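Welcome! Take a look at it first, then read on.

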Amino acid sequence: MTAALLDGKSLAEELRAEMATDVARFIESTGITPALAVVLVGDNPASAVYVRNKEQACQKAGIKSLMFRLPVETPTEELLTLIERLNNDTTVHGILVQLPLPKGIDEQKILDAIDPRKDVDAFHPENVGLLSQGRPRFLPCTPYGIIRLMERHQIETSGKHVVVLGRSDIVGKPMGLMLLQKGQGGDATVTICHSRTKDLPSITRQADILIVAIGRAQFVTADMVKPGAVVIDVGMNRIENESVDENGQPCKVRKLVGDVDYDGVRAVAGALTPVPGGVGPLTVTMLLRNTIAAARLQA
């Protein structure tokens, strides 16, 4: 058996084309151009790549992108002052502070300071609370993308045992909350595992759907997966492999891999997301969707 590939890239392209049409209609009817302010502190290379992808995606969708780059030594109070200014700017509809923030900045204080109506990452306590009650203002971008990907491939969640590997505020916790909701994309029985979970493989092997978001390269192996299970890999890790250059000399090649051992698990799973090209493109797409929703809410 070879797993069917869950192609997030093509779905993201379809959704972005639809959004470009939605944005054009919104601008025509209201005279308002949705605007997303992205704040990048420091020079983390991975964060810089993510921000660049977001800028390009905004441009294609017709959303205005405002970029604020701050030095790594920026103090918490200075960042709070910028967020207050963006909160009060009626031409800005969404605010995203790129994580992780440099050491020395109070990350929780920064996220709590964002106006909940402009919190397009859905990290503010008010938005987390609304999600937990099943009446979300915005849906967290990566879990939202995963739900849409499963809908696209007609993967039923109702009554299924979903194991989420990872308990972060960005993916693991909100993913569990969304899968527990009543209705489409929910009604699942959810188990959340983490670094303190005992006998992890015995639990992951029970999963009809296994969602992996732990940030450890190729951690989930074939023996941890139930035959025929759906495996969603959220991980993005860069590793070095031994290779040979064009002159036959040994060299190291950097490769992007997920949290799942792709080659091994593909022989066992029923469906599997690739890395890259799986969940990643959908995270940015859902960010754009939340920005449009924020603009409508504020209009």
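Which helices and strands do the buried residues of H6 pack against? In this predicted model, their partners are helix H1 (8-30), helix H7 (172-180), helix H10 (280-298), strand S7 (209-212) and strand S8 (230-233). The points below start with that helix and then turn to the cysteines and to one asparagine.

**Helix H6**
- H6 covers residues 141-152, which makes 12 residues.
- From its first C-alpha to its last, H6 reaches 16 Å, close to the 16 Å expected at 1.5 Å a residue.
- Because 9 of its 12 residues are buried, H6 is largely enclosed by the rest of the structure.
- Among the buried residues of H6 are Cys 141, Pro 143, Tyr 144, Ile 147 and Met 150.
- Just after H6 comes Gln 154, with a positive phi of about 55°.

**Cysteines**
- Searching the whole structure turns up 0 disulfides.
- For Cys 141, the closest cysteine sulfur belongs to Cys 58 and is 11 Å away, too far for a bond, since a disulfide needs the two sulfur atoms within 2.5 Å.
- Cys 141 counts as buried at 5% relative accessibility, and Cys 193 is buried too, at 0%.

**Asn 127**
- You will find Asn 127 in helix H5, residues 125-132.
- Asn 127 is buried, and its relative accessible area is 1%.
- A polar atom of the Asn 127 side chain lies 3.0 Å from the backbone oxygen of Pro 116.
- Leaving aside residues up to four places away in sequence, Asn 127 touches Pro 116, Asp 119, Ala 122, Arg 137 and Phe 138.

Notes: Residues numbered from 1 in each chain as written. Predicted model: local features only at pLDDT ≥ 70, side-chain atom pairs only at ≥ 80, totals over all residues. Heavy atoms only, no water. Buried < 20%, exposed > 50% of the residue type's maximum accessible area, 1.4 Å probe, protein only. Helix = DSSP H or I, 4+ residues; strand = E, 2+ residues; numbered from the N terminus. Expected span 1.5 Å × (residues − 1). Contact = heavy atoms within 4.5 Å. Polar contact = N/O pair within 3.5 Å; in protein donor to acceptor, adjacent residues only side chain to side chain.
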